[in-house]
Amino acid sequence: MVQPGVDAKARWVKKGGKSVFGYRQHTLVDNNGLMLALETTAANQHDSKPLLTLLDKAESERTGYSHSCGQSLL
């Protein structure tokens, strides 16, 4: 049963002893803290689940600069 005004993809999770309803943002950064990739999942999804997706996104962004026009931006 879907309630109006309630996000059907958000989930409940316990954080610090409190129940939280929503999403979790997973961010992959380099050694300088520069963001390489971002993935948003339901709050109850473990941090390890989107790791491969984050790595794939970071790799596809990096190889996007491999052509001559992109190289000039680096």
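Here is a chat about a predicted model and the terms used to describe it.

Visitor: What should I keep in mind about this model?

Guide: It's predicted, with local features needing pLDDT of at least 70 and side-chain atom pairs counting only at pLDDT 80 or more, while totals for chains, interfaces and linings use all residues. Residues are numbered from 1 along each chain as its sequence is written, and side-chain values use heavy atoms, leaving out hydrogens and water.

Visitor: What pattern does the protein follow along the sequence?

Guide: The pattern is β-β-β-α-α, from three strands and two helices.

Visitor: Why is His26 called buried?

Guide: Buried means under 20% relative accessible area, exposed means over 50%, and partly exposed is in between (1.4 Å probe, protein chains only). His26 has 5% relative accessibility, so it counts as buried. This residue is found in strand E2, residues 18–29. Leaving out residues up to four places away in sequence, His26 touches, among others, Leu38, Glu39, Thr41, Pro50 and Leu54; a contact here means heavy atoms within 4.5 Å.

Visitor: What makes the link between the side chains of His26 and Thr41 a polar contact?

Guide: The term needs a pair of N or O atoms within 3.5 Å; within protein, one must be able to donate a hydrogen and the other to accept it, and residues adjacent in sequence count only if both atoms are side-chain atoms. The His26–Thr41 side-chain pair comes in at 2.7 Å. Glu39 and Lys57 have one too, at 2.6 Å between their side chains.

Visitor: Is Glu39 buried or exposed?

Guide: Buried: Glu39 has 19% relative accessibility, and the cut-off is under 20%. Glu39 sits in strand E3, residues 35–42, and its contacts beyond four places in sequence include Arg24, His26, Leu54 and Lys57. For the protein overall, buried residues make up 18% of the 74 residues.

Visitor: How many aromatic pairs does a search of the whole structure find?

Guide: One. The rings of Trp12 and Phe21 have centres 5.0 Å apart and planes at 50°, so the pair is tilted. To pair, rings of Phe, Tyr and Trp (its six-membered ring) need centres within 6.5 Å; planes under 30 degrees apart are stacked, over 60 edge-to-face, and the rest tilted.

Visitor: Which residues make the nonpolar surface patch?

Guide: Val6, Trp12 and Phe21 make it, covering about 310 Å². Patch residues need over 30% relative accessible area and no salt bridge, with like charges joined within 9 Å and nonpolar side chains (Val, Leu, Ile, Met, Phe, Trp, Tyr) within 5 Å. A salt bridge puts a side-chain nitrogen of Lys or Arg within 4 Å of a carboxyl oxygen of Asp or Glu.

Visitor: How do you know how exposed Val6, Trp12 and Phe21 are?

Guide: Val6 has a relative accessible area of 37%, so it is partly exposed. Phe21, at 36%, counts as partly exposed, and Trp12, at 57%, is exposed.

Methods: Accessible areas come from the Shrake-Rupley method with a 1.4 Å probe; for residues, only the protein chains shown count as cover. Helices (H or I, at least four residues) and strands (E, at least two) are DSSP runs, numbered from the N terminus.
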